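Here are a few notes to read alongside your model. Please keep the view open as you go through the points.

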Amino acid sequence: MKTNDKKGSSKMEILNLSLPATNRFATEYLEQTPEIQRYFHYRFNDHLEYEKRLTEIQQRSYMRNELAAHIEEYMDQFPTSEKVKVSIEKLKEENSTVIIGGQQAGILTGPLYTIHKIISIIALAKQKERELNVPVVPVFWIAGEDHDYQEVNHVFVERNNKIEKKIYPEKVLDKRMVSAIDLNHDLCYQWVEGIIKSFGETAYTKDLLLVFEKAIHESKTFVDFFAWIVMHLFKDSGLLIIDSGDENIRKLEKEFFIKQIKNCKEITKEVKAQQKVLKSNGFEHTIDISDQAANLFYYDRENHERILLDYDDENNLFIGRDGQIQLTIEQMLELAGEFPENLSNNVVTRPLMQEWIFPTLSFIAGPGEIAYWAELKQAFEWFELKMPPIVPRLNITLLDRSVETDMDELGLDLRETLIVGTEKKKRDFLQTLKDENLDKLFEKMKQDLLLNYGKLEAYVTTENKGLLPLLNKNQGKVFDQIVFMENKLEQSVQKKYEVVINKFERVENALWPAGSPQERTLNSFFFINQHGPTLISDLLNCSFIFDGTHKIIRI
């Protein structure tokens, strides 16, 4: 089903398609079935729910000035604008709220969905500020405290009609937070230059490389580089950013770490209870949590390792690294009060920390996040909190008009292509090129070969059994030569239709690269290099509706 065929900037058109989400839970959440709604406190697609949420926020207190001061100081090192300053001032106002979402700090911003999430945050903040007539600030929370470097150290590029994974060459063998990974300037620029040039030389490539040269020069860490690029792209939108791995933010988190430490047993109990509710309704849990989970990490600075802690109720100890780390509750509370930079949240406690710190009107979530937030409802209620409305981030596919022309010529259906790609259609086309008579001839040759060698094998077995290995080897070579000739003839036929086959591959690589949705594989700078630096502002000028449909944007 499609709606709103023509919306957006003068350069862009939006086509809305109903597509299934990447998991069953998210699909049902988009449909807002009554069963799904019971796992959340608000319905994301009901305007009245945001008015209720606003009332709830206004009944609570926040460290607004301290938070604004921290963000202002943190962002001082990145590209900025007057709109950023306005957003910081808005955050200080007693009636202000935020639209927030987060993501890991992928190299070159990682897959497109990170950019889509930021666009979602900005677009919804504008919409809700207009509707509710209160300041609504867009905030992007960089998950710099994460330590899974392998998830953020690569991009995918197209080479010889194939999608290849290009890994940033610097090795990080320990479990340090991404925020603590220093950037090798020369190595980084050399790698980035190779990636950008692999996208193809365009009128925008030279200026793009100058931007990266400046970004790398002004960045100390992996996260700095990510944050610099994000603010270069989005500074004029008034976006605020924060790094969850920044030591200075821990000063604002002290009292909330203390709450988590004192209630760690109950937090785990409530998450497990909610998982049972979900399980009883046929939904498997997505958060892997043991009965002893403390849901906090301890940062071992000497070894640059982020260590997940368990809680030993019997001995009143927080334990990590197979017992090598043992901390009493008193020691944990001292850490929280005096050295909070040595603690960090996990997937369970990060949403709680976010709720305590930010006056969150809404949280922008990807499909996986929607599923695991459902498991946190009772944990929020334990602290007499409500989860904010969870708004699915915009799912976007950028459709180059040249790719759309290829699709029209091939007779490909857009919706089908976005769900399963073009491989089946390509196979069907290749099947039409086959010469049935030639296929039958080669099949007969193979059968005759096997039959005659079978007779020879019977003879050799009786007369000279020692020659059997040689006979079998000889049979294999002859058989391989027949297959070789068969393939060569097939390739010669395909060569005549190479233009058509290349179009199938071009569409596949553009819309379903490496067997995944475009936004989960391709990098935004491929498109910025092709279409210029105004691409982001053009996307921000589009009129988006948060209705759960997939947004096809013609560029």
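1. A disulfide here is a pair of cysteine sulfur atoms within 2.5 Å. By that rule, the structure holds zero disulfides. This is a predicted model, where local features need pLDDT of at least 70 and side-chain atom pairs count only at pLDDT 80 or more, while totals for chains, interfaces and linings use all residues. Residues are numbered from 1 along each chain as its sequence is written, and side-chain values use heavy atoms, with hydrogens and water left out.

2. Are Cys-188 and Cys-542 buried or exposed? Cys-188 counts as buried because its relative accessibility is 0%. Cys-542 is buried too, at a relative accessible area of 7%. Buried means under 20% relative accessible area, exposed over 50%, and partly exposed in between (1.4 Å probe, protein chains only).

3. Five strands form an open sheet in the order 11-10-9-8-12, with antiparallel pairing. Strand 11 (325-328) and strand 12 (343-345) are at the edges with a single partner strand each, so one side of each has no neighbour in the sheet. From one strand to the next, the twist averages 35°. Strands (E, at least two residues) and helices (H or I, at least four) are DSSP runs, numbered from the N terminus; two strands pair if DSSP finds at least two bridges between them.

4. Look next at strand 10 (residues 317-320), which is joined to strand 11 by four bridges, the two running antiparallel. Gly-320 sits opposite Ile-325 in strand 11.

5. Helix 10 (residues 250-262) packs on the sheet, touching strand 8 (293-300), strand 10 and strand 12, and its direction makes about 75° with that of strand 12. Contact means heavy atoms within 4.5 Å. Angles run from 0 to 180 degrees between N-to-C directions, with axes fitted to C-alpha atoms, for helices over the stretch in contact.
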